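Take a look at the structure first, then read on.

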Amino acid sequence: MSVKECHHHKGKKHKLFKRIFWCIVIFAFIVLLTVLIIWAILKPTKPTFILQDVTVFGFNATVPNLLTSSFQVTLSSRNPNDKIGIYYDRLSTYVSYRNQQVTYRTSIPPSYQGHKEEDVWSPFVYGNNVPVAPYNFLGLSQDQSDGNVLVIVKVDGKVRWKVGSFTSGHYNLYVRCPAFITFGPRSTGIALGNNAVKYQLVQRCTVGV
């Protein structure tokens, strides 16, 4: 075979590979564009969360810079979309005070939420002798003495959107639910026995995705 013929065959292979490459690029672009158009038409809306109630089984801030607490929180989540499902993956909830985590994290089982569906979770959240920053502990002690402590029930995790047979990648989920816990004569809770007090809140949470 002559050198000229070799160059000719190489040129054909190069053109073939180039055509295949551009076919793949165009196909991927069409698929991506289709997904984006569907996404824009459906306009997915982030889920809504309500903190229904908080039951306090223990709240002890008598040891300096340490907090022992135990809660059961009832959270409801609703999918407002009528054509998009939501996968909740790797969710965990905990309680914070003045931007400091004061309980351990409790995992919430993964679940799928269909169109317009609502789920309710009631996890236990607690912490034993959890260190609290000195400047926060002073505020916490004062708030408890005053009979009114504001804590934030938080839920962090990952969500995926499902449109027909298409499922998106993971998006971060951040839920923040304020809860006023009252003590002593100012308490608005309902005594349940064994020092447990239940607070009916029905507090709307802020949701970030």
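## Arg105 and its partners

Arg105 counts as partly exposed, since its relative accessibility is 45%. In this predicted model, its side chain meets that of Asp156 in a salt bridge, at 3.6 Å from N to O. The two residues sit in distant parts of the chain, 51 residues apart: Arg105 is in the loop between β4 (100-101) and β5 (106-108), and Asp156 is in strand β9.

Asp156, at 13% relative accessibility, counts as buried. Salt bridges with shared partners bring Arg105, Asp156 and Arg176 into one network.

The closest N and O atoms of Asp89 and Arg160 are 2.7 Å apart. Asp89 is buried at 11% relative accessible area, while Arg160 is partly exposed at 23%.

Lys198 and Asp53 form another salt bridge, at 4.0 Å from N to O. Because Lys198 belongs to strand β13 (residues 196-204) and Asp53 to strand β1 (residues 48-60), the pair connects parts 145 residues apart in sequence. Lys198 is partly exposed at 25% relative accessibility, and Asp53 is buried with a relative accessible area of 9%.

## The chain as a whole

The structure holds five salt bridges. Its chain has two helices and 14 strands, and 36% of the 209 residues are buried. Of the contacts between residues at least 6 apart in sequence, 72% join residues at least 24 apart. The chain exposes about 12,500 Å², with carbon and sulfur atoms supplying 61% of it.

Technical notes: Residues numbered from 1 in each chain as written. Predicted model: local features only at pLDDT ≥ 70, side-chain atom pairs only at ≥ 80, totals over all residues. Heavy atoms only, no water. Helix = DSSP H or I, 4+ residues; strand = E, 2+ residues; numbered from the N terminus. Buried < 20%, exposed > 50% of the residue type's maximum accessible area, 1.4 Å probe, protein only. Contact = heavy atoms within 4.5 Å. Areas by Shrake-Rupley, 256 points an atom, 1.4 Å probe, with all protein chains shown as cover.
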